Amino acid sequence: MSNPIPAVKPVFNTGEIRAQFPILREQVHGRPLIYFDNAATGQKPQRVIEAVDRYYATINANVHRGVHTLSNLATEAQEAARETVRAHINAKYPHEVIFTAGTTASLNLAAACLGQVLLKPGDEVLISGMEHHANIVPWQLACDRHGATLKVIPITEEGELDLPVIPGLPRNPGLFTGQSGQARNDSPFTDRTKILAITHVSNTLGTINPVKELIAEAKQRGIITVVDGAQAVPHLPVDVQDLGCDLYAFSGHKMYGPTGIGVLYGREELLECMPPWQGGGEMIDRVTFEKTTYAKLPFKFEAGTPHIAGIIGLGEAVRWMNDTGMAAMAAQELALLEHATKELLQIDGLRIIGTAKEKVGVISFVVEGVHHYDLGTLLDQQGIAVRTGHHCTQPLMDRFGISGTTRASFAPFNTIDEVDMMIAATMRAVKMLRR
Amino acid sequence: MSTTLAQVQQEVVEEFAMLGDWQDRYEQLIEQGRDLPLIAPEHKVDNNLVRGCQSRVWLHAEHRASDQPGAGIIHFTADSDALITKGIVALLVRVYNDRHPQEILDASTEFIDRIGLREHLSPNRANGLSAMIDQMKRYALAFSSVQ
């Protein structure tokens, strides 16, 4: 008798992946943890935890200053991590990789420094309606400071950017310009647009935006482009040269690395033109009370002692992702997304917010007559960690006329069984809340 | 009808002690919400929102004047858009309602720990719970200076 062919071929060995995450052995309310809050922060594989630990235990010293052995070792480890990150996003030079405290810090740096050199009264900064507050508020501050205006690309009912696309034409080139090259009336860009700041992947909806096409269009118009890549880098291969963006921001903690470390990639020529953001040690060349000259890139933007342990941990996280296989991880996440989407829709009154054609493994939903907070609390009681609320995207909630959603976001260590348990737990909670 | 505030707290503690698993506990909480003296529409305004809760909680306090029945007591009404939060605020209203300001100010909040609510609720929610108690005590403090 021949063996039956399994219906779903496993993408890779989930058990092997799970064994690398010590936190998955934890229990919550007496049940094994089911962690579906990966978009808020990713869990850390043992290798990353050990790399951070090893730094503190064996080579802890300040970087770029000491003549002593440990300082040199710490500096080498930090700069090796910079090279690892550079290669991962295919930046041209290591000094185009600036270490920050996270995406929020990266975007604040971008908005403050670009605002200073680019924005004049009447100018426009273009963002989208699905931005995280971290890619809204820094631009509002910059606009206020320089008399510029914030413009917003609207969002469709499916949770995609509402962009004019010419039917029958490939998206790139000609996204907003006809074949004649005439600007379309409904293009989000105007003659006053100076900066485009847009998210690569929506943290709330999971939508993957056509950033490459947008950037190409912006570049033709001489607009500087900034991408919030916090939710993209953990899931997609990102090639900053291929995207053609000027700045690209992301966080370590969402991509299996430590908290408190992030990156701002910047094209060399642009970074050279930008003034420093914060002043202090490390970022100077020569200080006198009359005048200070600044260090060269990347140190001009890295004032103070960096988060050395975080940088080394981030480097290890990148190596872990590459060793595990980005494509295999993405395939597992998409399998989970597809299964969760299909099964969740079986629940009466459940509506998925964000049904874009291209998504990462993030699923936001609302259930008629059920408050997301009640649902999240009852799922937690059953050992399931999801996110509830506005996900730091209040304007997007307003767009959909809701106060919040319940969001499950997947990692490659999650399983179909776990999704099924979430579905069952959701049904049980909804029954309790609707009675 | 002269049940003291401490006696009501004890009642609540005993009710919850009889409950088994999380499901019973939360069903009981949701059930409490049904008995909540609902806030009048004109008081269900942003000014009466309790800060520090992820869901929305409205709390209104009315100090009964000396020529009214129950002179000097504080009457609470409330509502929430989430059922569990509504249950929690209902529990608090049940304990603190129709008391003189000083009784509310003197009351211990230890019963919250004894019904296992603090440990069973997320930090966010626990903060919301503390925020609700703080708000009730603030009303009591404000009214305690009114003769």
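Predicted model: local features only at pLDDT ≥ 70, side-chain atom pairs only at ≥ 80, totals over all residues.

Let me begin with one pair of side chains: K194(A) forms a salt bridge with D123(A), and the closest N and O atoms of the two are 2.9 Å apart. By salt bridge I mean a side-chain nitrogen of Lys or Arg within 4 Å of a carboxyl oxygen of Asp or Glu. This pair links distant parts of the chain, since K194(A) is in strand 7 (residues 193–199) of chain A and D123(A) is in the loop between helix 4 and strand 5 (124–128), 71 residues apart. Helices (H or I, at least four residues) and strands (E, at least two) are DSSP runs, numbered from the N terminus. D123(A) is buried, because its relative accessible area is 1%, and K194(A), at 27%, counts as partly exposed. The cut-offs here are under 20% relative accessible area for buried, over 50% for exposed, and partly exposed in between, with a 1.4 Å probe and protein chains only.

Residues are numbered from 1 along each chain as its sequence is written, chains are lettered from A and ligands numbered from 1 in the order in which they are written, and side-chain values use heavy atoms, with hydrogens and water left out.

D348(A) is in the loop between helix 10 and strand 13 of chain A, and R434(A) is in helix 13, 86 residues apart. D348(A) counts as exposed because its relative accessibility is 60%, while R434(A), at 37%, counts as partly exposed.

R434(A) also leads us to E368(A), which is in contact (heavy atoms within 4.5 Å) with G349(A) and R434(A), leaving aside its neighbours within four places in sequence. E368(A) is in the loop between strand 14 and helix 11 (372–381) of chain A, and at 60% relative accessibility E368(A) counts as exposed.

Now to the domains of chain A. The domain assignment, which is automatic or taken from a database, gives domain 1 (14–40 + 326–434) and domain 2 (51–323). Their C-alpha centres lie 28 Å apart, and the contact takes 33 residues from domain 1 and 32 residues from domain 2. Together the two domains bury about 2,700 Å², 55% of it on carbon and sulfur atoms, where buried area is the accessible area (1.4 Å probe) that two parts lose on being put together, summed over both. In domain 1, M326(A), V360(A) and L396(A) lose the most area to domain 2, together 23% of what that side buries. The rule finds two salt bridges across this interface of domain 1 and domain 2. E160(A) and K357(A) also form a salt bridge, with their closest N and O atoms 3.8 Å apart.

What about the two chains? Here 18 residues of chain B are in contact with 16 residues of chain A, and the chains bury about 1,600 Å² between them, 51% of it on carbon and sulfur atoms. Across this interface of chain B and chain A the rule finds zero salt bridges. Helix 2 (22–34), helix 3 (83–96) and helix 7 (123–144) of chain B each supply at least two residues of the side that touches chain A, and helix 2 gives the most, with seven residues.

That is where I will stop, and I am happy to take questions.
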